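Open the model in your viewer and keep the selection panel at hand. The tour goes stop by stop.

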Amino acid sequence: MSGDCLFCRIVAGELPATVVHETDRVLAFRDIAPQAPVHVVVVPKAHHADVSALAAADEHLAGELLAAAADVARLEHLDHGYRLVVNTGTDGGQTVFHVHVHLLGGRGLTWPPG
Ligand code: 5GP
Ligand code: ZN
């Protein structure tokens, strides 16, 4: 746990969140500023700053993160499809430096992103 990390504090239960799915190593909760009818953030409980750090430290956990995101998509009945996004670094638009997968769905999503 990183004491000043927002998502570590949510994982620790110090900050409230609407949790939709949990495994022993992954937590999924609704984004506070949803960009689609379904917008869930899926995080490893362990702190890793971004996807590069996660992949270097624990490849299996990176796979668990993707599998959990797919499980949430099923739980949220996103039968017509969805999008997974991992914003990384400044150019990637990352604002919280605890790696997370955005699950977006419930409407048609355009491409390319901004
Ligand atoms: P990023 O910009 O790093 O890819 O994504 C960070 C996400 O965290 C944003 O979509 C933002 O809305 C969300 N977020 C920021 N603060 C909170 C919070 O306190 N609670 C929840 N549930 N989501 C948050
Ligand atoms: Zn963290």
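Start with His-77, in the loop between helix H3 (59-75) and E4. Helices (H or I, at least four residues) and strands (E, at least two) are DSSP runs, numbered from the N terminus. Check the backbone here: His-77 is not a glycine, yet has a positive phi of about 60°.

A note on conventions: this is a predicted model, where local features need pLDDT of at least 70, side-chain atom pairs count only at pLDDT 80 or more, and totals for chains, interfaces and linings use all residues. Residues are numbered from 1 along each chain as its sequence is written, chains are lettered from A and ligands numbered from 1 in the order in which they are written, and side-chain values use heavy atoms, with hydrogens and water left out.

Next, select Trp-111 and Pro-112. The peptide bond joining them is cis, with omega about 5°. Pro-112 is in the segment after E5.

Now select ligand 1 and its shell. The shell holds 15 residues (a heavy atom within 4 Å of the ligand). Arg-30, Asp-31, Asn-87, Thr-95 and His-102 are the closest. Colour by element: H1 gives the largest share, 3 residues. Helix H1 (6-11) and strand E2 (26-30) each supply at least two. By type, the shell has 7 nonpolar, 6 polar and 2 charged residues. Here Ala, Val, Leu, Ile, Met, Phe, Trp, Tyr, Cys and Pro are nonpolar, Asp, Glu, Lys and Arg charged, and the others, Gly among them, polar.

Which atoms pair with the ligand's polar atoms? Show N or O pairs within 3.5 Å.

- An oxygen of ligand 1 is 2.7 Å from a polar backbone atom of Thr-95.
- An oxygen of ligand 1 is 2.8 Å from a side-chain N or O atom of His-102.
- A nitrogen of ligand 1 is 3.3 Å from a polar backbone atom of Ile-32.

The protein covers 81% of the 520 Å² of accessible area that ligand 1 has on its own (Shrake-Rupley method, 1.4 Å probe).

Last, hide the ligand. The space it takes is the largest pocket, where more than half of a molecule's atoms must lie within 2 Å of the grid points. A pocket is an open set of points on a 1 Å grid over the protein atoms alone, where a 1.4 Å probe fits, with protein on both sides within 12 Å along at least five of seven lines; lining residues have an atom within 4 Å of a point. The largest pocket holds about 750 Å³, the space filled by probe spheres set on the points. Among its 32 lining residues, Asp-31, Gln-35, His-39, Asn-87 and His-102 are closest to the centre.

Notes. Polar contact = N/O pair within 3.5 Å; in protein donor to acceptor, adjacent residues only side chain to side chain.
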